[in-house]
Amino acid sequence: MATIGPPTRTAVLLGLPIAAAFTVAIAFGQTAPPRPRAPVVTWNIPSVDQLPDNEQGRLARYGRSLIAATYAHIGPNVRDPEKRFAGNNLACASCHLDAGLKKFGLLLVGAYADYPAYSKRTGREATIEDRVNNCMVRSMNGRALPADSRELAAFGTYLKVLSTGISVDADVIGQGAGSMPLLSRAADPERGQRVFNRTCASECHGTDGAGVRNATASDALGYLVPPLWGSDSFNDGAGMARLITIANFVHSNMPNGANWSQPLVSQDDAWDAGAYVVSQPRPRKADLAADFPDRLTKPADAPYGPYADGFSETQHKYGPFGPIETEDRRLRAEQSKSK
């Protein structure tokens with residue numbers, strides 16, 4: 001879990017292309033509209049540990065702990081039933097690696113600056129608090145945090161610290177999960193199972209995808225390695241349940257210790273392993289049909305309908321996505337002409 005070391009933490013990034021919009025599907029920049037390109041190549045993050053011992057400093061440190069050990073504070077096994085907001089024993093850092101500080105590990109640096117923003121998923125303006133709660137009900141398979149809760153304030157304060165010095169028109173290089181070229185074929189879950197068993201199962205997620213616990217469930221100590229499917233994983237409305245997101249995440253970050261600059265899994269293997277994971281059973285989120293009221297803004301890899309185009313749910317789940325994106329662009333152009 002992340003500890004921000006010296007008084008100021010400086011990250012230096014290479015000039016990679018800005019991650020495509022789909023790669024931010026779980027990161028907090030997901031629903032932000034296109035912004036002028038003002039790439040942030042370096043950033044300076046105040047040390048959370050060095051912040052003053054006042055309410056803001058305490059909130060920021062609590063927010064970091066909530067990201068790193070969500071299960072211990074608001075998980076389904078914590079002692080106080082009123083604090084059981086998360087429906088699984090994951091941590092936000094299970095996906096937002098290094099507590100949101102890892103490049104192309106669903107980086108949270110700069111996320112606060114993206115909000116408020118129009119949300120394509122809901123069809124209305126969203127605040128940073130809305131975005132946090134979106135993750136609570138999807139990735140954490142739980143319920144929204146109350147607007148006046150200390151936990152929601154802590155999340156927001158930590159994210160604000162991670163946006164220190166970053167303007168609203170900036171693109172922080174390293175956001176998202178990566179931007180591999182789309183496959184020209186459908187991803188293959190059967191081949192992906194072989195890749196998963198060879199690359200991901202041994203000593204990590206297990207062939208059953210159940211991960212490795214830190215302790216027993218009753219201890220509310222979460223996972224050393226998170227489960228990728230099953231009752232204690234993210235639900236089918238989460239961004240990680242979409243193939244483009246998870247495939248890029250695998251390519252940029254897996255196995256543990258890999259990074260975007262030295263991937264250990266080939267692109268083909270990442271696509272197919274991701275397809276295997278998203279094909280597995282997981283909790284169901286109610287009312288997914290209400291997502292993306294403007295169907296033409298729905299991501300090509302959204303694995304649930306309804307859709308504005310004529311492609312099947314199977315193709316939306318496994319690809320190929322290129323024909324879907326081409327058709328959606330055509331339909332949007334027609335829609336614009338008719339206005």
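Q: Does Glu 203 count as buried or exposed?
A: Burial is read from relative accessible area: buried is under 20%, exposed over 50%, and partly exposed in between (1.4 Å probe, protein chains only). At 77% relative accessibility, Glu 203 counts as exposed. This is a predicted model, in which local features need pLDDT of at least 70 and side-chain atom pairs count only at pLDDT 80 or more, while totals for chains, interfaces and linings use all residues. Residues are numbered from 1 along each chain as its sequence is written, and side-chain values use heavy atoms, with hydrogens and water left out.

Q: What is the phi of Glu 203 near, and where does Glu 203 lie?
A: Most residues other than glycine have a negative phi, and most peptide bonds are trans. Glu 203 has a positive phi, near 65 degrees, and lies in helix 6 (residues 189-205). Helices (H or I, at least four residues) and strands (E, at least two) are DSSP runs, numbered from the N terminus. Phe 104 also has a positive phi, near 60 degrees. Phe 104 sits in the loop between helix 3 and strand 4 and is buried, with a relative accessible area of 6%.

Q: Which peptide bonds are cis?
A: The bond from Gly 305 to Pro 306 is cis, with omega near 0 degrees. Pro 306 is in the loop between helix 8 and helix 9 (313-318). The bond from Gly 319 to Pro 320 is cis as well, again with omega near 0 degrees, and Pro 320 is in the loop between helix 9 and helix 10 (322-338).

Q: At what angle do helix 7 and helix 8 pack?
A: Two packed helices are described by the angle between their axes and the distance between the axes. Axes are lines fitted to C-alpha atoms, for helices over the stretch in contact, and angles run from 0 to 180 degrees between N-to-C directions. Helix 7 (residues 243-253) packs on helix 8 (residues 267-278) at about 130 degrees, with the axes 8 Å apart. That makes helix 7 oblique to helix 8; angles under 35 degrees are roughly parallel, over 145 roughly antiparallel, 65 to 115 roughly perpendicular, and the rest oblique.

Q: Which residues of helix 7 and helix 8 meet?
A: Contact means heavy atoms within 4.5 Å. From helix 7, Leu 243, Ile 244, Ile 246, Ala 247, Val 250 and His 251 meet residues of helix 8 including Trp 271, Gly 274 and Val 278. By class, this contact has 10 nonpolar, three polar and no charged residues. Ala, Val, Leu, Ile, Met, Phe, Trp, Tyr, Cys and Pro count as nonpolar, Asp, Glu, Lys and Arg as charged, and the others, Gly among them, as polar.

Q: How many residues of helix 4 are buried?
A: Seven of the 10 residues of helix 4 (residues 128-137) are buried, so helix 4 is largely enclosed by the rest of the structure. Among the buried residues are Arg 131, Asn 133 and Cys 135. Their cover includes helix 2, strand 5 and helix 5 (150-161).

Q: At what angle do helix 4 and helix 5 pack?
A: The angle is about 110 degrees, with the axes of helix 4 and helix 5 10 Å apart. The two helices are therefore roughly perpendicular to each other. Ile 128, Glu 129, Val 132 and Asn 133 in helix 4 meet Leu 152, Phe 155 and Leu 159 in helix 5. The residues of this contact divide into five nonpolar, one polar and one charged.
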